[in-house]
Amino acid sequence: MSDSLNAPETSRPASPVRQSRAKGEPRFPDGPRADPAGSHFERRIRSFQPRRSRVTAGQADALQRLWPQWGLDIDGQRVIDLGELFGNGNPVVLEIGFGMGEATARMAAADPETNILAVDVHTPGQGNLLNLADRNGMNNVRVGNGDAIILLREMLTPDSLDGLRVYFPDPWPKTRHHKRRLIQPEFLDLVAARLRPGAIVHCATDWEPYAEQMLEVLTAHPAFENTQADGGFAPRPDFRPLTRFEGQGLDKGHVVNDLLFRRVQREEQDPDQHTEQDTDLPPTGA
């Protein structure tokens with residue numbers, strides 16, 4: 001596997017992009033939109049906090065060059081054909097929240113026959129992942145910009161996904177913020193409607209109280225079964241790389257827990273549950 005998947009950008013100066021533009025003019029005219037869904041959908045409690053950081057020249061160049069081909073603005077205005085999006089019929093795994101994209105790029109390089117639709121709202125991370133995919137010749141990565149709930153609910157068809165990855169989502173540690181956590185029963189209802197039977201939901205977190213909640217919620221949901229015979233957490237699988245963020249947590253004494261649950265075979269008349277209970281879902285891109 002190429003070391004360049006983790007290497008910092010060296011071919012272009014890592015200076016912030018400062019361009020004068022008129023008020024209201026998009027930051028990247030050919031890149032991701034600032035608010036792709038606009039006001040078309042109800043405002044809900046967010047499960048993520050938008051982060052503001054500077055975009056390097058290399059990231060900006062990748063956004064401008066590659067977004068029209070490999071980017072997807074989540075506007076909720078159309079149903080997408082994943083085979084058309086990727087140009088093949090390979091299995092598609094949805095990853096929600098990929099940070100700077102290093103781990104996503106490594107997984108994509110290690111398994112080129114699996115397509116990864118990676119969703120986040122962090123513009124520098126979007127540009128970095130596109131840059132990594134381009135530099136390493138990976139055609140199995142597409143980057144989604146916006147609210148993953150809208151993507152799941154409005155833009156994907158039933159049985160269209162072969163897996164879901166949620167690595168180190170915001171733990172929202174304060175009790176009054178627990179409602180903002182992504183892994184909730186209503187979210188799993190929506191996910192279950194989009195996953196093929198046998199698809200794997202893989203979550204990882206270094207916040208132990210959140211890990212316990214994830215385990216409880218996933219165990220209780222009738223559409224999923226734990227892949228671990230003892231009903232507990234799973235060892236970190238070889239295909240999930242150790243990220244810098246995870247390493248920092250381990251250095252601080254954090255315990256990282258992985259959860260691997262399988263989408264069970266549907267009953268003969270399994271309802272598309274998302275259609276009746278989506279109003280309480282928080283928007284999410286990370």
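Okay, let's start at Asp159, which sits in the loop between α5 and β5 (161–167). Helices here are DSSP runs of H or I with at least four residues, strands are runs of E with at least two, and both are numbered from the N terminus. Before I go on, this is a predicted model, where local features need pLDDT of at least 70, side-chain atom pairs count only at pLDDT 80 or more, and totals for chains, interfaces and linings use all residues. Residues are numbered from 1 along each chain as its sequence is written, and side-chain values use heavy atoms, with hydrogens and water left out.

Back to Asp159. Its phi is positive, about 60 degrees, although Asp159 is not a glycine. For the cut-offs, buried means under 20% relative accessible area, exposed means over 50%, and partly exposed is in between, using a 1.4 Å probe and protein chains only.

Phe168 also has a positive phi, about 55 degrees, and it isn't a glycine either. You'll find Phe168 in the loop between β5 and α6. Phe168 counts as buried, at 16% relative accessibility.

Now the whole chain. We have eight helices and eight strands. There are 286 residues, and 50% of them count as buried. The chain exposes about 13,900 Å², with carbon and sulfur atoms supplying 47% of that; the areas come from the Shrake-Rupley method with a 1.4 Å probe, and for residues only the protein chains shown count as cover. As for contacts, meaning heavy atoms within 4.5 Å, take those between residues at least 6 apart in sequence: 84% of them join residues at least 24 apart.

On to helix pairs. How do α5 and α6 cross? The axes of α5 (residues 148–155) and α6 (residues 185–194) come within 10 Å, at roughly 45 degrees. Axes are lines fitted to C-alpha atoms, for helices over the stretch in contact, and angles run from 0 to 180 degrees between N-to-C directions. That makes α5 and α6 oblique to each other. Under 35 degrees would count as roughly parallel, over 145 as roughly antiparallel, 65 to 115 as roughly perpendicular, and the rest is oblique. From α5, the contact uses Ile149, Leu152 and Arg153, and from α6 it uses Phe187, Leu190, Val191 and Arg194. Sorted by type, that's five nonpolar, no polar and two charged. Nonpolar here means Ala, Val, Leu, Ile, Met, Phe, Trp, Tyr, Cys and Pro; charged means Asp, Glu, Lys and Arg; the others, Gly among them, are polar.

While we're around there, look at His221, in the loop between α7 (208–220) and β7 (224–226). Setting aside neighbours within four places in sequence, His221 touches Pro185, Leu188, Asp189 and Ala192. His221 is buried, with a relative accessible area of 6%.

Last pair: α1 (residues 57–70) and α4 (residues 123–135). Their axes come within 8 Å and cross at roughly 75 degrees, so α1 and α4 are roughly perpendicular to each other. Residues in that contact include Leu63, Leu66 and Trp70 of α1, plus Pro124, Leu130 and Ala133 of α4. By type, the contact of α1 with α4 has eight nonpolar, seven polar and two charged residues.

Ala57 is partly exposed, at 24% relative accessible area. That's my tour, thanks!
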